[in-house]
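Q: Hi! Could you walk me through this one?

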Amino acid sequence: MRLDIGRARALGLAGPRLAMLDQAHAADTSVAVVHGDGRVRLSSIGSGVFGSDYVHIRDETQEGFLYVCPSLRAFLQLPSPPLPEAVTATAAVRARAAEFTVQAVDASDQERVAGRVCQAVTLTAAVPFAVRWRLWLCGDVDLRPFAQAAAAVLTDAPPPVADLVTGFGMPLRGALSFGDPAAFPEPASAFQLDELVLRVVTDAEFNGPDGYTDLRAASGQSP
Amino acid sequence: MSLPISPNQPEEAPGPLGYLITTPYALMSFELEEQFLDDVKDLSNQASSLLTSFSGDHGTLNINWLDQLQALNQSSNGSIGLFCLLHNPSTSPCSDTPGDPSQGGGALLDTVAVNALQKLLLAGAVNPGVSISAALQQAWTQALQEPSAQRWPALTPCQQAGLRDAYVEQKLGNIAISYPSTIGPNTILDGLLEWQVTDISFEVDINRTQVVTTLAITGPNDVQCVIDLPKVSGKAWLETYPGPTYWIALAVDAVSCAFLGIGCALLAEAILVGLFLALNIAYLSVDLGSPHVVIDTSLQPDQNQVLWPTPAVSVTANTSVLIVNVVPPNLATIAGLIVSAVASWTNLLPNLIATQLQSQLAGLFHDLGLRFPLAESPVMDQFAGSEASGASNSYLDAISQEDPAYSQLNPSEEMITAEDQLTYRFRSLVTAPSSPPAFPQQVSADGVDEPCHLYAGFGISQNYLNLLINQLWQTGYFRFRLPATGSDSVAALAAAVESAVPGLHLGDPALLHAQLSPDTSPRLLLTEHDALAGRNYAAVHFDDLRLWLTDGVRGKPASRLIEFRFGAQMAGQIAFGAPSSGQIDITKVNPNRTFDIYYDLTAITLDPAVQSVATYGPAVASVTDAALPALQSIFTALVRGMLAGNQAAWIPRQPGDPITIQRFPLGGDNWIICQLNVARGNLYAQLGLGGTLLGFDFQDLSCAAAKFLLALSG
C-alpha cells in the first residue's frame, strides 16, 4: 500500500486524520488482514504509514476493539467512541458526498493479482472533486463469500459503495487518482494484495494473547 | 618615608605639576579582598550542608533556606543552631521597653536587614519591598514624614523588629522565584488532541552538599559565584482530551476511505489519539539535570557615574522531559509532540530563573546601598567619577576622582585612572609585613587571641578629606549657637568674660546671644610622622574661629558686641558608621555620610598667635586683648561644644588597642575591625572581621553557642 499524503493534504482529503500518519515513511506499507466470522484482525508488517508493531482486532459482536502491542506485550481494549449527534449528522452528509459511478468496465485490462485473474473496473466521482478509482476485482467463486467483508475492510466504504464494488468481485488491487490523469498520472493511493490464503481460522487469533498485560496497568495507570 | 610600589606596576612619572609621593586630587579607592569571599563561601556551604531540598509548585519556587535552618534548629532542640547565628526573630508579645529581649535582633542577617531598611527609609522608599501588616506600613509611611536622620528612630523598637524580621525572612532568607506553571491548552495533530499542563512542580535537591563551588575574584572587575546544584527535577501534570477535529476525523467520507484503504479501518474506530487518551497519562517527568548557576558581579556605573555591584546571572541546565508511562511505539509521535512542547518551555526555565535571581540580587545591592563612591554629601557626588578594575584571584578595586570641570587646574588627560598608583599603594599597605602596620592577623579578646580577616578597604586621599571638611563648613555644619546653660553656654561665656575683665557687667545672660563658627574652612592634615610613632594620624585645624557675644537679635540692633578671634587644633579621626548610644556603631547608617570625621576633644590646642578681640558699644569697650589669656578655658570648652556631635571618644576600642585600630562590637568576642594607616598623603581604612566567629564549624554550632557568640538575648 502506498499513499501520497502530501497530495491528499493539498486536496483537503481525510482532514486531520492525515496528521496521524507517519509522513516520513516513503516506502510501501504492508498490513496483514485475517477475516473471520464478524471479526477482523489487522496487524502491521514492519513499519508503515500507520505505525509499526501493533495488532488491531475488531469484533462486530462486541463494542469497541482491541489494540495489541507485541513489543510491549500489552493490550488496550477500547470502546468505539460514540459520535456526538452533530458529528453524526455531518458524517452522514459527508458519507453521501462522494457518489461513485461505474464509468467503464475495461475488459481488455485483466491482470493477475496473487495468482488470480482480475478484471479492472473504473469508478468515478465528481464530488467533492474529480476522482478515478480503478479496482482490479476477482470474480472467482471461492472468494465470493468474503468479497463484501474484504471490500469493507479495504475501503471502509459505506455499504452502497461496497455493494457497488463487490458486484464485480473481490478487490485485490486498487489505485485512486485525483483530477486530470494527464496532469497527475501517478495514483495518489494504491494497494495490492500480495498473498491470499484461504484457511480455517481459530478464535485464539481474535483474542488478546495470553501473558499480555493491560497497557493501562503497564503504563502505570489504573485500568 | 617612601612606600614600596607594587612590583607589577611601574613607578609613576612625575606629572607636570610635580606630584609624586602624594595624590593630587580628591580621590577615593575601594578594594574588596578575596578573604571576604572565601569566608562567605565557607558560611554558605556550611549552611547548604544542612539543607536537603527546595520545592516549587503552583508557579513559585521557594528557596526557603532560612526556614529550613529554623526548622532544623527546632527539630534538633537547638543542637543544630546555625539559624540562631543568622536570625534572632522577635517574639510575641513584643515590648517596646528599650533592650527588651522580645525585640530580638542582633544576629548576622538582622544587622544586614536593619542596615538595608535604614537606607530604604533614607532614600524615601514608599515601602520596604516586603510584605508587611497594614499597621507597619502605616508606621513606615509616617516615618517618611520625618527628617531623613529621624526616620528609623521614629519607629518604635517593636516596629523596627517587625520590619527587620519581614526583611530577613522574605528577602534574605526566602528567595521566591516565580514561573508560569501552566502550558496550554494547545492542540496538536491538526487539532485532533488537546492538551495542557496544569501545574509544573520542582524539587531542587541540595542533598546536604556544599553547593557554592566558586566565590572568587576571577578577573578584571568580576566577582564570580558558581553554584552547582546536585539535581533539579519535577513533574508536569498533564491533561489530555479530544481536540476540535477529533470527531470530524472519525466521520470521514467515502473518498477519504478509498484513499486510506485499510488505514481507514485502522483509524476509523480508534485513531491513535483515542489510544493516547485512553492511556490517561497523568504527568511528564521534567529533569533539569544538575544546574550550574554563575553569578558574575561587576561594578558598573549608573547614569550619574556611581558604581553599583551589578550581577549578571546565568543558569545552565540540561533540561529533558520524558513520559514515564509505557507508551506504545505508535503513540511515540504524539508523546514526542507533547514532550517537545513542554521541553521548549523548560528550556526557557533556566533563563527565567536567572533573570529573577539577577533582579533580586541587584535589588538587594541597591537596598544595602553598596555603591561607590560612598554616599557622602550630595555635593561630593557631583565631583566623583568612577572606574573599576581588578586583578584575577586577588582583589577587586575601584577608584573615584574629581570631576575635571571642578578642578580647572587639572586637565582631564592628567586625571588618575582606575589603574592609578593609589590603588597599588593601597595594595602595598595591605601586603606590607611591617611599618606601617599590616592588618592584624589576630585580635585579643579577654587575653585570648582570636583570628582576624581583612575583607575590604578604602584609600582616601587627604584632598578628599579636606574637600569633605570644606563641604561641611560650607553647609554650616560647625556653626555653634551657644546654649543657655552648661559649661559651653552663653552664661558660662559671659561669666568668663566678666571674670577676665574686672568691672565689666554684661547683664542678664538670658538677654545675650553667642555663636562660635569657623570663618575660614577648617583643614584636615594626615600626620604620617606622628602615626608612625604611634600617635595621632590626623590633625584638624580651625585656623580662624570667630566667637561673638551680643545683645542684638533679629530686628533689634546690638548695643554691645564682643567678637573674639582665635584658632584651635586637635587630633582628628575617621570612622565608618553612625553614633548610637554614645558609641559609633559601624552597622548603623549615618544619614549624611558613610564615614565621618571625629574630633579628639580631650586635647584641644589653642593658637595664641592668632587670638584677638574687637568690641562695639561703650558697655564692652573694656574688653581688650589683655583678657585673652584668661579666656583660654572657655574657648576650649566652646570648641568642645562646637564639635560635641562628633567625638572621637565614641570610637570603640578595647584596652591596649592603638589609635589606628577601631573595634566595633558585633556581639560577644566578635568585632568589625577597622585599621587606619596614613602614607603619602592618603588614609587607608582596612575593614575586616575579628573574633570567635572565624574558624568556627557552624555545622556543630548549637543555638545556645550561637547566641553566646553574638551575646544575643532570648
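This is a predicted model: local features need pLDDT of at least 70, side-chain atom pairs count only at pLDDT 80 or more; totals for chains, interfaces and linings use all residues.

A: Happy to; we can start with chain A and then turn to chain B.

Q: What's the secondary structure of chain A?
A: Chain A has five helices and 14 strands, taken as DSSP runs numbered from the N terminus (helices H or I, at least four residues; strands E, at least two).

Q: And what order do the strands of the open sheet take?
A: Six strands run E2-E3-E6-E7-E8-E14 in chain A, with mixed pairing; two strands pair if DSSP finds at least two bridges between them.

Q: Which ones stand at the edges?
A: Strands E2 (30–36) and E14 (213–214) of chain A do; each has a single partner strand, so one side of each lacks a neighbour in the sheet.

Q: How does E2(A) run against E3(A)?
A: Antiparallel, with seven bridges joining E2(A) to E3 (residues 39–45) of chain A. A:His35, for one, has A:Val40 in E3(A) as its bridge partner.

Q: Switching to chain B: which domains does the assignment give?
A: Domain 1 (60–177) and domain 2 (463–650), with bounds from an automatic or database domain assignment. Their centres, taken over C-alpha atoms, are 41 Å apart.

Q: Which residues of H17(B) meet H19(B)?
A: B:Ala492, B:Leu493 and B:Ala496 in H17(B) meet B:Ile634, B:Ala637 and B:Leu638 in H19(B), contact being C-beta atoms, placed from the backbone, within 7 Å.

How values were computed: Residues are numbered from 1 along each chain as its sequence is written. Chains are lettered from A and ligands numbered from 1 in the order in which they are written. Two residues are in contact if their C-beta atoms, placed from the backbone, lie within 7 Å.
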